[in-house]
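Dear colleague,

Please find the structure that I am handing over to you below.

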2 protein chains.
Amino acid sequence: MAEIGHGGKEIKERIFDPSKAREKIKGLTEIPVRKQIANEIIDLAYGFFSPLEGFMGKADVDGVVKNMRLADGTIWPIPILFDLSEKEVADYGVESGKSVVLTYQGNPMALFEVDEVFEYDKAAMCKAVFGTDEEKHPGCKRTYEYKDKFIGGKITLVKEPKINEPFGPYFLPPLKMRQIIKEKGWSRTVAHQTRNVPHTGHEWLMKGAFFQAYADLPIEKPEVGVVVNAIIGEKRVKDYIDEAIVLCQDELEKAGYFGPHNHLTSLTFWDMRYAGPKEAIFHAILRTNLGITHHMYGRDHAGVGDYYGAYEAHHLLESVGEELDITPVYSMNWLYCPVCAEITSEGLCNHGDQQQKFSGTLIRSIVTDGVKPPRLIIRPEVFDQIMACADKYGQGSPFVTEEYLEKRSPVFDIEPL
Amino acid sequence: MAEIGHGGKEIKERIFDPSKAREKIKGLTEIPVRKQIANEIIDLAYGFFSPLEGFMGKADVDGVVKNMRLADGTIWPIPILFDLSEKEVADYGVESGKSVVLTYQGNPMALFEVDEVFEYDKAAMCKAVFGTDEEKHPGCKRTYEYKDKFIGGKITLVKEPKINEPFGPYFLPPLKMRQIIKEKGWSRTVAHQTRNVPHTGHEWLMKGAFFQAYADLPIEKPEVGVVVNAIIGEKRVKDYIDEAIVLCQDELEKAGYFGPHNHLTSLTFWDMRYAGPKEAIFHAILRTNLGITHHMYGRDHAGVGDYYGAYEAHHLLESVGEELDITPVYSMNWLYCPVCAEITSEGLCNHGDQQQKFSGTLIRSIVTDGVKPPRLIIRPEVFDQIMACADKYGQGSPFVTEEYLEKRSPVFDIEPL
């Protein structure tokens, strides 16, 4: 049976049969790509970005910028771009109708059927997507760093990536994820977007969403799964290291705070754009393609600085509501309340003056001290996992350092054909 | 603006202007009523039972028994009956078209415009409402105890009841409740049916329902209220005393586990029928009339023994879904999990073998011992309130005793006109 993704289109993996891959790229010009583009090639080929089949042409970019829609009317909030400089276009002889092969780590990764070479006003793109054209916005910065020519065309993988330890079990592309959801028997699933190691506030965000997702299901045993979908992409110093993020999210399940009956950890390769409301729509599309029915949205979803109102994403989601195939569930912040002696949600109990926020700084200092925090702040098993990840993957630190960026193993490799 | 209740009908209070009451009943035959009937007169007069305006006639009873509907097609699950013996009918001269005055505590309470005197097969009634005609089912027992003639006709209060301390603030009939909900600014409300003093499992049932009720609301601050609606009626030995039920539910708010911003305690006079699924529908109607938008349904709602499947009420509610103006929210049991070190819901965490149920026996033994339990089992303020109620209202016990039944003050009085 066809698996239908965003925009009502069938999700198809665009991956050549290994026996035919060599032949498909024989004699083609090779163009090496950087990490961001390699991530997005994977997303395109496995259907994370369905109905997109490749990098956007001008009509789609124009639609996204002007109407938050592809040229065919499908909602789409963020341009997916392949860029080259004018010199590169000339040197590689890139032109419409001519296929090239994209390489990563020196090896062939994907066939790129070039449709179109075009230019687009980057400031206009920024204003549309990020609501600002200020270079200090990290999404704008990334946009301005694109080279001046954009190339549209379909992508097909010639070689599946080898996902390295410990990420392998968490790489669950749309068709695979949909199969697992069927096997689990979940009639509802709720996506948790994260780039964090979970403290109990995050745990309860998910637990709250679990109830929200099954509110109207008259069921004897809620067949609801929380799907943690970690965004794995560009890292900055002081972020949690990727290994700690996925292993600690999974640890919540392994240690029984959830169970395999209602929890699954997965990842998507993507460099955050911090587009706030637009990225919220983008997340809805990603998780629709993953076969997920509900999506959690908290305060300031995927925002940065004070560019977006705390609940601006909620309002944008509501404005396009019926056109998305995923149901948003909205949540407040969760806090620790010493009077309730438990985790509570903003606005739930009335001990506001005594509630303690989970500040990033507090959690960071707890983790940095290496002293086991109370189990109502960070679960002891999660804490142990953080420390194990620091030793094994982070040169002693669970946070990204210059040394980690230099020495870390790649999340995936493209091996020789 | 008209307040619309169950069945799309306007809710109207049926209460005479005090200056005219005396005149309305002048010269009419007086018939004393028992407590159950006095409760239901209040419910009818204030619109708790809207669209009913009085005790049911034969066509309505027949509709309820055969189709779970009034004669006009409105969903209704439990007959509301006024009974007399054949001898009483003769002695009082009760007949169609002749009004009588119903008295309680020796004082005039309501005008009863007799429409119809009829008989009905009680066993058929039992089978339809309770799914059994066994006399040991408490609802059947109550049905068989009705005398043999039923009298249908409209009811109008001639004297509002005086609600006694400490119940006064919690008597919030439909029009009053709807006004309070407007003043609170709640766009969603979720009803909690109770006859219990709350432990933390009950507290989290309500907290879970709070999230469920606002799942799809994109709001900056959830304007959701939990409306506790305690059923106050016939008491049995070992029940919690009524005073403890309402004061302890309210204590959860006073002590800040909720707040006036999201919580309200109220009561309805009603002798439980233990009709399980049918009583669940009845509760939906009651709370619709109270202006509440959502209703919590847990395991074995309003059931007794093993007459009903644990989730049979859910299924019946779903089968009539669109015809009710209240949205059910379904919940599992809540438990204490020592590994999570918090209250959790059945099926939420995976520490099933270590979870501790809130057994009635456990809670009873804690309360009987009078030793303050952990705050994660019973809130200390609630515990203190239980003990205060035991002293003040329960002759030293928070549980109903023969002595309490004999000595307690009435919940309401009908004073002389």
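Is the crossing of helix 9 of chain B and helix 13 of chain B left-handed or right-handed? The crossing of these two helices is right-handed, where right-handed stands for a near helix turned clockwise from the far one by less than a right angle, and left-handed for one turned anticlockwise.

Before the details, a note on the source. This is a predicted model, in which local features need pLDDT of at least 70 and side-chain atom pairs count only at pLDDT 80 or more, while totals for chains, interfaces and linings use all residues. Residues are numbered from 1 along each chain as its sequence is written, and chains are lettered from A and ligands numbered from 1 in the order in which they are written.

The helix pair in chain B

Helix 9 (residues 242-254) and helix 13 (residues 380-393) of chain B have axes that come within 9 Å and cross at roughly 155 degrees. Helices (H or I, at least four residues) and strands (E, at least two) are DSSP runs numbered from the N terminus; axes are lines fitted to C-alpha atoms, for helices over the stretch in contact, and angles run from 0 to 180 degrees between N-to-C directions. The crossing angle therefore makes helix 9 of chain B roughly antiparallel to helix 13 of chain B (over 145 degrees; under 35 is roughly parallel, 65 to 115 roughly perpendicular and the rest oblique). On the helix 9 side of chain B, the contact includes L247(B) and C248(B), and on the helix 13 side it includes I386(B) and C389(B). Residues are in contact if their C-beta atoms, placed from the backbone, lie within 7 Å.

The contact between helix 9 and helix 13 of chain B comprises eight nonpolar residues, one polar and three charged. Here Ala, Val, Leu, Ile, Met, Phe, Trp, Tyr, Cys and Pro count as nonpolar, Asp, Glu, Lys and Arg as charged, and the others, Gly among them, as polar.

The sheet in chain A

In chain A, five strands form an open sheet with parallel pairing, in the order 10-9-8-11-12. Strands pair if DSSP finds at least two bridges between them. Strand 10 (263-269) and strand 12 (327-330) of chain A are the edge strands, each pairing on one side only. From one strand to the next, the twist averages 30 degrees. Strand 8 (residues 188-194) of chain A is joined to strand 9 (residues 224-232) of chain A by seven bridges, and Q193(A) stands opposite N229(A) in strand 9 of chain A. Helix 8 (residues 200-214) of chain A lies across strands 8, 9, 11 and 12 of chain A, at about 150 degrees to strand 8 of chain A.

How the two chains meet

A total of 39 residues of chain A contact 39 residues of chain B. Helix 8, helix 11 (312-320) and strand 12 of chain A each give two or more residues to the side that touches chain B, and helix 8 of chain A gives the most, with five. That side of chain A has 21 nonpolar, 11 polar and seven charged residues. The copies meet through the same surface, because 100% of the interface residues of chain A are also interface residues in chain B.

With kind regards

Technical notes:
Contact = placed C-beta atoms within 7 Å.
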